[in-house]
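Please open the model in your viewer and keep the selection tool at hand. The tour below moves from one selection to the next and says what is found at each stop.

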Amino acid sequence: MNSFWKYYSGEKAAPFPTIFIGGNHEASNYLWELYYGGWAAPQIYFLGFAGMVKFGNIRIGGLSGIYKANHYYSGHYEKLPYNEQDIRSIYHVREYDVHKLMQVQEPIDIFLSHDWPCGITDHGNLKNLLRQKPFFEKEIMERTLGSRAAADLLAKLRPSYWFSAHLHCKFSALVQHGDGGPITKFLALDKCLPGRNFLQIFEIESEPGPYELHYDEEWLAITKKFNPIFPRTRMRTNFSDATLNMEECRQFVKNKLQMQGSRPFEFVHTAPCHNPYQSVAINSPTAHCRNPQTEAFLELLGLQYFLDTTTQSEELPQSSGSLVSRGSVVSEDIPIDDIDDDEEFNGIDD
């Protein structure tokens, strides 16, 4: 269980508001409950499979998962209980989520991705990187190290900062967008282990507080426009089927946030809290849990719930537990048990 259960149960509290994305070592069934984003624990906010929020006036976006070409154009077809293939493919990045992020027009201060954007090594100290990770050289030369989807987003969104992880080393880069265009400061950090470069602190200028988390108006409008074509099969998404008018979606969101406020819905437990003094059987979840945060989010935007096994053509009833008000076998991936060493990356294309 390690330590997350302490934050989930409330035994411990995060000392600072913490925003994260998913990679390839999380409990994917829990993150799926919060596909659109939400509090995974008090003070610990998940950006969703793709998402955008504001902290004060700092705009933060992110893309969860890792890139695998053979799943990229599929929809989110995995359903509980996950089999040996699904438990890995569930965290592979999908075109649908990237397409939504590609619609963002307003400036972004910080963007997060788990794997690095493909080609980012062109913009930093490659020689030093290869001294640390010589087995990266083949993939770098073949332009296969990192995420092609993240590279497309980097070129389109041009955030001030881009933070990544996944490859277990520290690497920084400066990306100049065009002649005289904006610069993105990229940083990846190492694993959180003694003696490793896993932490760096940035100071970013912002307006005076209050420093609180809020929904992002543009992102909610994008979500409203594209949610009716939410893909739950292996078929590639037909984006031309997203017929809602973007300006009308934007006005709808603006009106809703003016009436109900823009703070995310409060954290809700959806599973019993772990008790380290009781022995329990470890069973894989067999059914999807509807998280009240997600139900409330969709209710706010007037959207249908597509995250469980119900097909898109069925009309889903409102859950009685929804929140209506807010208070203050494959070996392609890094093993899920997180015992991977640096050498295990050799020959692994994730």
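Are E78 and R94 buried or exposed? Both E78 and R94 are buried, where buried means under 20% relative accessible area, exposed means over 50%, and partly exposed lies in between (1.4 Å probe, protein chains only).

Before going further, note that this is a predicted model, in which local features need pLDDT of at least 70 and side-chain atom pairs count only at pLDDT 80 or more, while totals for chains, interfaces and linings use all residues. Residues are numbered from 1 along each chain as its sequence is written, and side-chain values use heavy atoms, with hydrogens and water left out.

Stay with E78 and R94, whose side chains meet in a salt bridge of 2.7 Å, N to O; the term stands for a side-chain nitrogen of Lys or Arg within 4 Å of a carboxyl oxygen of Asp or Glu. The pair links distant parts of the chain, 16 residues apart, with E78 in the loop between helix 3 (69-72) and helix 4 (86-89) and R94 in the loop between helix 4 and helix 5. Helices (H or I, at least four residues) and strands (E, at least two) are DSSP runs, numbered from the N terminus.

Next select D122 and R143, which form a salt bridge with their closest N and O atoms 2.8 Å apart. D122 lies in the loop between strand 6 (110-113) and helix 6 (126-132), and R143 in the loop between helix 7 (137-141) and helix 8 (148-157), so the pair ties together parts that are 21 residues apart in sequence. D122 is partly exposed at 46% relative accessibility, and R143 is partly exposed at 39%.

Now colour the open sheet, in which 7 strands follow the order 8-9-7-6-5-4-10 with mixed pairing; two strands pair if DSSP finds at least two bridges between them. Strand 8 (171-176) and strand 10 (213-215) stand at the edges with a single partner strand each, so one side of each has no neighbour in the sheet. Zoom in on strand 8, which 6 bridges join to the antiparallel strand 9 (residues 183-188), and find F171 opposite A188 of strand 9.

Finally, select helix 9 (residues 217-226), where 9 of the 10 residues are buried, so the helix is largely enclosed by the rest of the structure. Among the buried residues are W219, L220 and F226, and what covers the buried residues of helix 9 includes strand 10, helix 10 (246-260) and helix 11 (292-301), contact meaning heavy atoms within 4.5 Å.
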